[in-house]
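Hello,

Here is the structure I promised to pass on. Have a look at it first, and then read my notes below.

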Amino acid sequence: MLFISHRGNIDGPLRTLENNPSHILTLTKRGIDVEIDVWYDGEQLYLGHDKPRYEIDLSFLQNDKFWCHAKNLQALEYMLQHNVHCFWHQTDDYTITSRGYIWTFPNKPVCKKSIIVCHSLEETKHYANLDIAGVCSDYIGEIK
């Protein structure tokens, strides 16, 4: 079972640290996978949920602990061209990551290849006990 930190959160939402590159790297050094939000404007890569916030480079994204959520088409195209583990989704029930996992919207049916996004500690605990690939949550520190 994979336990993936949602934007760098592990003990509940903490907006001030979400997608913060130094915080995220600290988590990966502890062995924690992290879902991050990636933007590209044709010249520069950024992290940030609602808008580009933290400037990064390609070498930052080339980390096997990252699950990169492309926030615009340019970011998706760029990451696919550079073999970065990524996916695109908004409100679709399912999407396939570039490594063949099924990224699953909250509360949708799951299978063995599913990574489900959980909004609460209760959901996280529930799905952590199923035969699926993993959970992405703000609460993985509570269950890992």
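To start with the contacts (heavy atoms within 4.5 Å): of those in the chain with a separation of 6 or more, 41% are between residues 24 or more positions apart.

Before going on, please note that this is a predicted model, where local features need pLDDT of at least 70, side-chain atom pairs count only at pLDDT 80 or more, and totals for chains, interfaces and linings use all residues. Residues are numbered from 1 along each chain as its sequence is written, and side-chain values use heavy atoms, leaving out hydrogens and water.

The chain has 5 helices and 10 strands, which are DSSP runs numbered from the N terminus (helices: H or I, at least four residues; strands: E, at least two). Its C-alpha atoms fill a box of roughly 40 × 25 × 25 Å along the principal axes.

Of the 144 residues, 52% are buried, meaning under 20% relative accessible area with a 1.4 Å probe, protein chains only.

Now to the inside. A nonpolar core here is a set of buried Ala, Val, Leu, Ile, Met, Phe, Trp, Tyr and Cys residues joined through side-chain atoms within 4.5 Å. The largest one has 32 residues, and I36, V38, L61, C68 and M79 touch the most other members. Apart from this core lies another, of 8 residues, including I4, W67, I115 and C136.

Which residues does C68 contact, leaving aside its neighbours within four places in sequence? They are I36, V38, L61, M79, V84, H85, C86 and F87.

Best wishes

Definitions and conventions: Buried means under 20% relative accessible area, exposed over 50%, partly exposed in between (1.4 Å probe, protein chains only).
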